Each structure stands twice: as structure tokens, then as C-alpha cells.
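Here are my notes on the model you sent over.

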Amino acid sequence: MLDQNLKTQLAAYLEKLRVPIELVASLDDGEKSRELEALLGEIASLSDLITLRLDGDDARKPSFAIVRSGSDVAVRFAGIPLGHEFTSLVLALLQVGGHPSKESQELLEQAAALDGDFSFETYYSLSCQNCPDVVQALNLMAVLNPRIKHVAIDGALFQDEVERREVMAVPTVFLNGEVFDQGRMDLAQIVAKLDTNAGSRDADRIRARAPYDVLVVGGGPAGAAAAIYAARKGIRTGVAAERFGGQVLDTMGIENLIAIDHTEGPRLAAALDANVRANDVDVMNLQRATRLVPADEVGGLAEVQLANGASLFARTVILSTGARWRQMGVPGEEQYRNKGVAYCPHCDGPLFKGKRVAVIGGGNSGIEAAIDLAGIVAHVTVIEFADKLRADEVLQRKLRSLPNVEVVLNGQSTEVLGDGRKVTGLSYRDRVSGEDRQLDLDGIFVQIGLLPNTEWLADAIELSPRGEIVVDAHGRTSAHGVFAAGDATTVPYKQIVVALGAGATASLAAFDHLIRHPLPASADVPGEAAETA
Ligand code: FAD
């Protein structure tokens with residue numbers, strides 16, 4: 001199962017095991033069980049601290065538990081965690097085997113102290129980029145806290161279960177039998193959701209922060225670049241981000257980041273995070289900004305209000321809140337989101353194996369999605385609003401070569417149809433004939449572009465008719481001391497390399513602003529007094 005190179009690497013990792021572990025397999029006569037037995041046998045052969053047992057009696061077959069010998073510390077996988085989940089398997093082996101996690105001590109203690117009995121089940125697919133974070137976070141929680149149990153289930157292998165529980169997007173996490181959440185989550189997010197007092201503790205900590213010279217709002221490529229450039233000037237720099245990493249976290253392969261042949265979104269996001277933290281930046285993750293009050297005098301302090309009720313103050317603010325998937329805005333879309341309406345073909349495609357789906361949008365991302373899905377599902381219908389596809393010719397050529405894809409031009413989606421539990425079809429209008437038509441479908445993948453995350457700024461700075469922050473060549477906005485960068489702005493191209501450059505530009509412009517506008521003695525922190533460091 002594992003090639004020699006992978007075995008050598010895994011053997012090196014397994015040297016970090018501190019205590020003996022057991023792999024307890026539950027198998028049947030199927031081919032997948034034989035594959036799993038072979039994989040576990042290979043792993044066990046790589047370390048004297050690993051024992052393989054084939055006497056597991058779990059109802060899900062094939063599955064296996066990784067158990068710390070002589071204890072109840074365990075994590076469980078149903079299926080064969082290769083592909084994107086191989087890292088989760090390696091981490092689970094190490095952490096059950098006593099190797100410490102690199103997460104912050106504070107977060108580890110918070111997870112260990114969670115009070116209650118939590119039984120988690122996570123459905124993943126092997127091609128899902130968003131799943132490993134969730135699987136790894138819950139596995140770690142199960143290792144840290146004996147009252148937390150976790151099993152990670154390959155949805156493609158347990159199709160009956162997926163259908164019965166109506167799982168139509170991965171990762172989907174169940175807690176004690178009920179849906180807990182869907183989509184990418186990291187340890188901090190899951191712990192914050194379970195620890196009901198975390199929000200107010202966070203707010204108290206934030207209220208105690210001294211004003212920043214540069215406060216960056218948003219932690220994607222633009223925000224990361226802005227923060228690093230600011231910190232390297234030796235000035236007090238903070239980043240508040242709802243989800244550090246931004247869209248990069250939802251991206252598969254990245255092959256146009258100059259000087260890097262190929263990388264993957266989560267890997268790039270981790271590199272941005274490490275790079276920011278290696279500089280002197282105060283990173284405040286999981287913080288959503290809800291209002292900006294620009295300084296009312298040049299050189300004064302701007303206020304950024306957060307969803308948890310606390311405020312941050314800064315001499316300059318750099319807005320880099322990026323963008324999010326655009327929705328169709330038709331009846332049924334919200335009701336059937338993650339119940340057949342999906343936005344990430346790489347993640348959720350495998351759950352629609354052998355079924356009929358539509359892709360809404362004929363741009364590059366729509367046609368790439370249709371090509372991807374055509375290899376998995378029975379049939380794909382592409383619905384494009386305009387009278388021709390907008391994707392690159394090379395993609396269109398590939399699409400035309402596929403026997404199970406049909407393209408509808410001049411199609412305006414009008415309603416997502418469902419049976420109350422899941423999608424059953426789509427209504428659309430033929431914009432030429434005016435006729436209403438209906439497709440019978442199991443899934444609808446929406447690929448119609450992005451919307452800037454700027455609604456919270458409407459009363460503070462100038463936005464374009466599309467809702468983008470209007471910036472000049474220096475990243476200056478309409479408000480003194482407020483700069484912006486990346487996909488949230490009027491910058492013409494929305495790309496990682498463009499966002500990185502724009503973040504650097506905005507940061508240098510903010511520094512220039514600080515030099516030219518020293519803080520006047522009268523600039524007190526508005527509202528409640530903040531302690532200064
Ligand atoms: P984002 O990456 O969107 O980051 C925004 C940040 O702001 C996030 O941290 C978010 O949580 C935070 N935020 C949002 N609202 C708030 C708020 N109110 N308060 C606090 N924080 C907030 N580009 C390429 O160059 N190459 C590719 O191959 C590529 N592939 C892509 C594939 C997909 C599926 C997608 C979705 C995008 C892809 N892109 C690619 C585009 C690229 O990811 C973006 O251009 C880039 O991430 C923009 O960076 P940003 O920092 O401006 O915004």
C-alpha cells in the first residue's frame with residue numbers, strides 16, 4: 001500500500017512515539033478490508049511500539065482504532081485514511097503515542113478541560129481539502145480529553161450511512177448523534193463552540209489590548225503581507241481575522257504563485273501563519289469585525305468593533321477582508337445548502353458518485369468543476385446565464401470531449417427544488433424562449449464568482465457599486481489612516497500574488513502615513529479606557 005519512500009518517511013516519524021500503541025482492526029471479507037489489513041500491517045512493521053490486532057468488533061467495517069496501550073485514549077477511522085487524510089493518520093498515530101501537539105498550551109488546556117461527554121463522528125472524502133483540519137482537531141481533542149470520542153468516516157466507502165443520515169457535504173460533523181457543524185473548522189473554532197464562556201473571556205483579553213500603530217483586519221494573503229511588512233518596521237502591529245488563511249484554505253492546487261512550482265491551499269495558509277507569527281505580530285484569530293469608526297482627526301485613533309463586543313484601537317487600519325462564494329439568490333438555495341447545494345466540487349464531488357448534478361456558471365471555475373465532476377458523477381448539466389461560456393478555450397475543448405456533460409446557455413436558475421430534506425432538481429428559465437424548464441438532480445454546484453466581505457464598512461468608507469473598497473494606487477481609502485488591500489478592494493485582478501503585493505503596498509503606505517502624522521497628545525482611546533502596554 002505504501003511505497004518505499006513513504007515507508008521510510010513514516011518510519012522516521014514513528015521514532016517520535018513515546019508509549020506503545022495498538023491498531024485494533026474491525027474487518028470483513030471485502031476487498032477494502034484486505035487493503036486496510038495490509039496498510040495496518042505495514043505500519044505496525046515500522047515500529048516496535050506498534051501492535052496490530054485483528055479482533056475489533058466495531059459495526060463499521062473496515063475500520064480501526066488507534067489505542068494507547070493500557071488506557072482509554074483512542075481515535076478511530078472508518079475506511080482507509082490515505083489521500084488528504086494520510087497526514088491525519090500519521091498525526092493520530094503520533095499523538096495517541098504520546099507525541100505532543102504544537103497547538104498553544106492555552107488551547108490544549110482549554111480542550112482538556114471541556115466538561116461533558118462528547119461523541120463526534122466526522123464524514124470526510126479523500127479528495128476534501130477542508131476535511132483534514134477537522135479530523136485532526138477532533139482526534140487531538142479525543143487524545144487530550146477522555147470524555148471526547150471521535151471517529152472519522154470515509155463517506156465514499158459508507159454510502160448507505162451517508163444517504164441515511166443525508167450527508168451531502170464534507171466535512172460534516174455529528175455530535176452525540178446530531179449535526180454539529182459542516183465545513184472547515186480548526187481546533188480553536190471547535191473548542192470555542194463547545195466552551196460557552198470562551199467568547200466573553202476573549203472579549204476581556206481584547207479590551208486590555210493597547211492601541212496599535214497598524215491594525216490589519218483580515219488574515220488572508222493580503223492581511224498576512226500587510227502585517228509582516230508593518231511588523232518589520234518595528235511598529236506595534238495586530239491582525240484580527242475571522243478565519244486566518246482566508247480563501248487560500250479552500251483552494252486545491254496553487255500553481256501560479258511565482259517561484260513556487262506547486263503548493264496546496266492549507267499548506268500555503270500554514271506558511272502564511274508561521275511567517276506572520278515569526279514576526280512581532282499580535283494575531284487575534286476567530287475575531288469578526290462588525291464596525292469601523294475612522295479617526296475623526298488626522299493622526300487620531302480609529303476604532304474597530306468586534307462581534308464579541310470588544311473594540312480595538314489603532315493609528316492606522318488596513319482592511320483586507322477578502323471575498324466569499326457568491327450565491328444564486330433563488331428560493332430553495334439556502335434551505336438546501338449542504339443538502340445538495342454545494343460550493344466546493346473538490347470537497348463534495350465524491351458524495352454525488354453515480355448521481356446527476358448541475359454546475360451553475362460557465363466561467364473557468366464552473367467549467368473546471370464540471371470537468372472534475374464528470375469523472376465521478378453520472379451526468380453534469382452546466383447552466384450558463386450568458387449566450388456563451390466564459391471559460392478559457394482549452395477548458396471548453398476538454399468539456400466538449402466528455403460524453404456525460406451537457407451545456408445549457410441562456411439559462412437563468414429560478415428555484416432549487418427539494419423534497420423538504422434534500423435537493424431533487426432545479427428550475428430555470430430559457431432567456432431566449434422565455435420557457436420555464438426543470439431538471440431532475442441530486443446536486444447543484446454553484447460557481448458564479450465571489451462577493452467582497454465589506455457589508456460592515458458601508459457607513460465608514462467609500463465602496464464601489466459592486467461593494468468593493470475604493471482604493472488608490474497606494475491602497476488609501478476615502479478615510480484618513482484607513483488603507484485596504486486584496487480581493488475586498490477595487491484592485492482589478494483577484495489573485496494570491498496580487499493580494500500579497502497589495503498588502504505590502506498598503507502597509508508601506510500606512511507606515512508613510514504614521515511618519516507624516518505623529519500621534520497628537522489629545523488622541524485618547526474613545527469609549528472605555530484601554531490599558532497601554
Ligand atoms: P481572503 O483570502 O478572502 O482573506 C480574507 C480574510 O479576511 C480572511 O481571514 C477572512 O476570515 C477575513 N475576514 C472576512 N471578513 C472579516 C471580518 N468582518 N472581520 C474580520 N476578518 C474578516 N488565486 C491564485 O492566485 N491562484 C489560485 O490557484 C487560486 N485558486 C483559488 C481557488 C478557489 C477555490 C478560491 C475561492 C480562490 C482562489 N484564488 C486563487 C484566489 C485567491 O485565493 C484570492 O485572490 C486571495 O485569497 C485573496 O486574498 P485576500 O487576503 O484579499 O482575501
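**Notes on the ligand site, a strand and a loop residue**

1. Start with the ligand. Its shell counts 33 residues, and the closest of them are Arg243, Gln247, Asn256, Ala289 and Ile496. Keep in mind while you look around that this is a predicted model.

2. What is the make-up of the shell around the ligand, in nonpolar, polar and charged residues? It splits into 12 nonpolar, 15 polar and six charged residues.

3. Now the backbone contacts. Gly219 has a backbone N or O atom 2.9 Å from an oxygen atom of the ligand. For Ala222, a polar backbone atom sits 2.9 Å from a ligand oxygen. With Arg243, the distance from a polar backbone atom to an oxygen of the ligand is 2.7 Å. Arg243 is also listed among the closest residues in the shell.

4. How much of the ligand does the protein bury? On its own the ligand exposes 1,000 Å², and the protein buries 88% of that. As for where the shell comes from, the elements that give two or more residues are helix H9 (221-231), strand E10 (237-241), strand E17 (323-325) and helix H14 (496-516).

5. Next, have a look at strand E15 (residues 302-306). Four of its five residues are buried, so the strand is largely enclosed by the rest of the structure. Strand E14 (residues 289-293) pairs with E15 in the antiparallel sense, over four bridges. E15 is also joined to strand E16 (residues 311-319) by four bridges, again antiparallel.

6. Gln305 is a handy residue for finding your way here. In E15, Gln305 is the bridge partner of Arg291, and Gln305 stands opposite Ser311 in E16.

7. What about the turn? The hairpin of E15 and E16 has four residues between the strands, and Gly309 there takes a positive phi near 100°.

8. Last point: Asn279. You'll find Asn279 in the loop between helix H10 (265-278) and strand E13 (281-285). Is Asn279 buried or exposed? Its relative accessible area is 19%, so Asn279 counts as buried, the cut-off being under 20%.

9. What does the side chain of Asn279 reach? It gets to the backbone oxygen of Asn275, at 2.8 Å. Leaving aside residues up to four places away in sequence, Asn279 touches Ile228, Ala231 and Arg232.

Key:
Residues numbered from 1 in each chain as written. Predicted model: local features only at pLDDT ≥ 70, side-chain atom pairs only at ≥ 80, totals over all residues. Heavy atoms only, no water. Buried < 20%, exposed > 50% of the residue type's maximum accessible area, 1.4 Å probe, protein only. Polar contact = N/O pair within 3.5 Å; in protein donor to acceptor, adjacent residues only side chain to side chain. Contact = heavy atoms within 4.5 Å. Near = heavy atom within 4 Å. Areas by Shrake-Rupley, 256 points an atom, 1.4 Å probe, with all protein chains shown as cover. Nonpolar A, V, L, I, M, F, W, Y, C, P; charged D, E, K, R; others polar. Pairing = 2+ DSSP bridges.
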